[in-house]
Amino acid sequence: MAGKAARVDPGPVETIRRIEAVFRDVYGQAVATLVRVFGDITLAEDAVQHAFVVAAERWGRDGIPPNPAGWIVTTARNRAIDQHRRTTRGRELESEAGDASDGGPDPFGEALQEEEPVPDDRLRLIFTCCHPALRIEHQVALTLRLLGGLTTEEIARGFLVTEPAMARRLGRAKYKIKAAKIPYRVPAQSDLAQRLKPVLSVVYLIYNAGTGELTERAMLRREAVRLGRALVILVPDEPEAAGLLALMLLNESRVHARNVDGALVLLRDQNRSRWDRDLISEGHSLVRECVRRGRPGPLQLQAAIQAVHCSAETFEATDWPQIVALYDHLLSVLPTPVVALNRAIAVSETDGPAAALEELDLIAIELDGYSSLHAARAATLRSLGRIAEATDAYSRAAELADSSADRKYFTEQIQELGLAR
Amino acid sequence: MSQYLLSTYSVESEDAPEMPSPDDMQQMMQGIIALEAEMDATGTFVFGGHLHGPDAATVVKQEDAEAIMTDGPFVEAKEHIAGFYIINADDLDAALGWAGKVSACVNRPIEVQPFAATGRVADQMPDA
């Protein structure tokens with residue numbers, strides 16, 4: 001009897017947990033659908049939040065309905081129509097519809113149909129959120145708020161700003177979308193590849209913002225992977241979307257080996273048995289698919305590099321010439337000093353630290369404010385036995401480090417060098 | 001349909017600006033004439049023009065119920081509006097498309113701002 005009762009009523013804590021999971025799953029879809037129907041982001045957000053309040057109460061009592069996404073969208077839509085009717089414009093629209101009862105256009109006609117979330121809605125909304133007319137911080141915040149369903153407070157915490165500052169940022173971005181009439185649509189095929197670039201950058205930026213302090217910001221990585229998966233389904237003809245997902249999955253597979261008890265562990269020293277084999281195999285098959293398509297781009301090439309790392313049983317067994325060749329290709333399509341830095345690190349494995357140091361010195365001025373440059377110089381200087389210079393470089397890396405794990409690692413290296421002297 | 005202000009700025013400099021050659025000038029004018037014809041044909045053009053320099057500006061303000069005039073522009077700035085269009089466009093993407101064409105013609109950056117075309121304020125007031 002007890003077992004049967006438990007199946008019918010999984011218990012309030014379990015129900016709340018499941019309701020929260022459903023909310024996170026359907027938030028972006030529901031907001032996107034409501035924005036399509038009503039053309040107003042604030043109205044859509046308010047309505048979906050209201051539907052969640054109603055759902056929390058009703059589902060807690062009656063259980064989760066078979067189609068929770070449809071339920072949320074329908075409840076939110078009814079709420080939005082209600083809100084709409086309270087405004088002057090809403091009443092005008094309604095009375096115009098009443099006057100035109102001889103088959104004229106019904107302003108709520110579309111809204112009143114049984115509403116189901118359409119995957120395309122999310123795609124439209126992400127192109128609005130990542131419109132190049134919005135600044136990048138605003139693109140990131142909007143994407144997390146509207147598509148990820150993160151709260152303003154959660155986003156503020158992820159990007160180390162205060163909640164009121166993040167609320168203002170979101171408010172300004174939404175104001176611009178409305179005032180400047182940033183369109184809510186998937187760009188024409190001819191513009192799609194170009195307009196997809198900022199969308200992919202925003203998602204990757206969200207992923208990388210989640211790698212700083214692991215547990216605190218893990219939700220940013222989770223959201224980025226979720227958005228990445230959605231994009232692969234929504235724009236199947238753009239291999240860069242698959243490249244981005246592969247890149248995130250392959251990075252994610254090593255997250256727990258890279259950070260052990262708050263300490264940074266370099267690729268060289270990682271316990272490879274802690275790498276997540278499922279994520280690696282998914283990443284590898286995406287990369288193989290990209291290679292087969294033969295339309296390489298920066299994200300696919302970065303994913304291919306990570307795929308080579310993930311294929312190696314040991315650090316020594318890594319196919320370094322292949323990695324350097326991929327960096328050469330990447331540098332030809334994405335000629336940035338950061339790519340040159342990563343290439344130089346690979347060069348130290350194929351051609352030795354002296355060759356790597358030469359390449360690092362070429363970008364040293366440009367990347368002087370970048371912790372990883374000083375870390376790479378420190379490692380090569382150390383291999384060359386130039387201990388005093390290596391110590392200085394590690395100090396610079398520690399000063400500029402953007403996470404406490406990195407800082408701790410560099411400080412330890414300085415101590416080791418001090419003992420070796 | 002929305003309206004947008006497409007504007008461009010001239011930058012005040014100590015040196016006299018380099019004048020384009022007559023040929024370049026001719027080519028630019030041809031480009032602008034063709035662009036404005038395209039704007040007319042598509043119902044995009046609302047209004048446009050260029051402004052004389054800030055040295056020609058005068059500011060009027062009220063002091064003790066009297067109009068006081070001062071020579072010079074409202075704000076002391078290095079950049080001043082040089083010219084503008086008001087256009088009709090469906091949305092920001094359409095407006096940005098036109099701004100790209102204007103920018104290509106005049107070889108200057110163009111600022112795009114939504115323009116609240118309210119018409120006369122009296123028309124906005126509720127009926128008495």
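Predicted model: local features only at pLDDT ≥ 70, side-chain atom pairs only at ≥ 80, totals over all residues.
For the complex, the predictor gives an ipTM of 0.80 and a pTM of 0.78. Within chain B, the average pLDDT is 87, and 95% of the residues score at least 70.

Chain A has 421 residues, of which 38% count as buried, and its secondary structure comes to 22 helices and two strands. If one takes the contacts in chain A between residues at least 6 apart in sequence, 62% of them join residues at least 24 apart.

Two pairs of helices in chain A illustrate how its elements pack. In one of them, helix H11 (residues 189–209) of chain A packs with helix H13 (residues 239–253) of chain A at an angle of about 5°, their axes lying 10 Å apart. An angle under 35 degrees counts as roughly parallel, and H11(A) and H13(A) are therefore roughly parallel to each other. From H11(A), the residues Leu196(A), Leu200(A), Val203(A), Tyr204(A) and Tyr207(A) take part, and they meet Glu240(A), Ala241(A), Leu244(A) and Met248(A) of H13(A). Sorted by class, this contact of H11(A) with H13(A) consists of eight nonpolar residues, no polar residues and one charged residue.

The other pair is formed by helix H20 (residues 371–383) and helix H21 (residues 387–400) of chain A, which pack at an angle of about 160° with their axes 8 Å apart. Because angles over 145 degrees count as roughly antiparallel, this description applies to H20(A) and H21(A). The crossing in which H20(A) passes H21(A) is left-handed. On the H20(A) side the contact is made by Ser371(A), His374(A), Ala375(A), Arg377(A), Ala378(A), Leu381(A) and Arg382(A), while H21(A) contributes Ile387(A), Glu389(A), Ala390(A), Ala393(A), Tyr394(A), Arg396(A), Ala397(A) and Leu400(A). The residues of this contact between H20(A) and H21(A) divide into nine nonpolar, two polar and four charged.

Where chain A touches chain B, the contact takes six residues from chain A and five residues from chain B. On the side of chain A, these residues divide into five nonpolar, no polar and one charged.

Chain B also holds some individual residues that deserve a look at their backbone. Most residues other than glycine have a negative phi. Asp64(B), however, has a phi near 50°, a positive value in a residue other than glycine. Asp64(B) is found in the loop between strand S3 (58–63) and strand S4 (66–71) of chain B, and it is exposed, with 5 other C-beta atoms within 10 Å. Asn107(B), likewise not a glycine, has a positive phi of about 60°. Asn107(B) lies in the loop between helix H2 (92–106) and S6 of chain B, and with 11 other C-beta atoms within 10 Å it is exposed.

Strand S4 of chain B contains Glu66(B), which counts as exposed with 7 C-beta neighbours inside 10 Å. From Glu66(B) to Gln3(B) the separation is 63 residues in sequence and 36 Å in space, taken from C-alpha to C-alpha.

Note on methods. Residues numbered from 1 in each chain as written. Chains lettered and ligands numbered in written order. Axes fitted to C-alpha atoms, helices over the stretch in contact; angles between N-to-C directions. Helix = DSSP H or I, 4+ residues; strand = E, 2+ residues; numbered from the N terminus. Parallel < 35°, antiparallel > 145°, perpendicular 65-115°, else oblique. Left-handed = near helix turned anticlockwise from the far one by under 90°. Contact = placed C-beta atoms within 7 Å. Nonpolar A, V, L, I, M, F, W, Y, C, P; charged D, E, K, R; others polar. Buried ≥ 20, exposed ≤ 12 C-beta atoms within 10 Å, placed from the backbone. pLDDT = per-residue confidence, 0-100.
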